[in-house]
Amino acid sequence: SCRRSAQKMCCSRWASRAHCWWTKPKNNYHIKAPKGTLVASSGSGDSMVAGFLAGYLQHRDHQRALELAVAAGSATAFSEGLANQQMIFSILKRMKWRYQ
């Protein structure tokens with residue numbers, strides 16, 4: 001039988017915040033979502049996952065990865081189509097991102 005389980009989990013609660021839980025090491029992170037006008041939510045979840053992966057691969061830090069994930073998902077939701085890097089970094093600045 002398979003005894004493996006997820007060790008990391010991210011979820012978003014669109015307008016309020018995003019949460020991440022890790023079992024190894026045991027940490028929890030919560031980030032408030034930036035304010036903005038929803039234009040189209042299509043693709044924002046995929047953008048959040050892509051942002052998390054990009055942030056984690058670049059920095060190897062869960063908190064930084066979650067911040068980039070929230071910014072990428074929000075930037076896509078606040079625009080028509082997928083957000084580009086400039087849009088994402090604009091959201092990060094609004095979030096007072098610590099890791100520039």
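What share of the contacts in the chain with a separation of 6 or more is accounted for by residues 24 or more positions apart? In this predicted model, such residues account for 50% of those contacts, a contact being heavy atoms within 4.5 Å. Local features need pLDDT of at least 70, side-chain atom pairs count only at pLDDT 80 or more, and totals for chains, interfaces and linings use all residues. Residues are numbered from 1 along each chain as its sequence is written, and side-chain values use heavy atoms, with hydrogens and water left out.

The chain holds three helices and three strands, taken as DSSP runs numbered from the N terminus (helices H or I, at least four residues; strands E, at least two). Their order from the N terminus is β-β-β-α-α-α. Of the 100 residues, 37% are buried, where buried means under 20% relative accessible area, exposed over 50%, and partly exposed in between (1.4 Å probe, protein chains only).

The largest nonpolar core has 10 residues, including Leu68, Ala71, Phe78, Ile88 and Leu92. A nonpolar core is a set of buried Ala, Val, Leu, Ile, Met, Phe, Trp, Tyr and Cys residues joined through side-chain atoms within 4.5 Å. Helix H2 (62–77) and helix H3 (85–94) each supply at least two residues of this core, and H2 gives the most, with five. Beyond its neighbours within four places in sequence, alanine 71 is in contact with Ile88, Ile91, Leu92 and Met95. Another core, of eight residues, lies apart from the largest one and includes Ile31, Met48, Leu66 and Ala69.

In H3, the buried residues include Ile88, Ile91 and Leu92. These three cover an arc of only 105 degrees around the axis and therefore lie on the same side of H3; the arc is that of the directions from the helix axis to the C-beta atoms. The buried residues of H3 pack against H2, while the face turned away from the buried side carries the exposed residues Gln86 and Lys93. At the start of H3, a side-chain oxygen of asparagine 84 comes within 3.1 Å of the backbone nitrogen of glutamine 86.

One aromatic pair is found in the whole structure. Phenylalanine 52 and tyrosine 56 are stacked, at 6.5 Å centre to centre and 5 degrees between the planes (pairs need ring centres within 6.5 Å; planes under 30 degrees apart count as stacked, over 60 as edge-to-face and the rest as tilted). Both residues lie in helix H1 (residues 44–59), four residues apart. Phenylalanine 52 is buried at 14% relative accessibility, whereas tyrosine 56 is partly exposed at 24%.

Definitions and conventions:
Rings of Phe, Tyr and Trp (its six-membered ring) pair if their centres lie within 6.5 Å; planes under 30 degrees apart count as stacked, over 60 as edge-to-face and the rest as tilted. A polar contact is a pair of N or O atoms within 3.5 Å; within protein, one must be able to donate a hydrogen and the other to accept it, and residues adjacent in sequence count only if both atoms are side-chain atoms.
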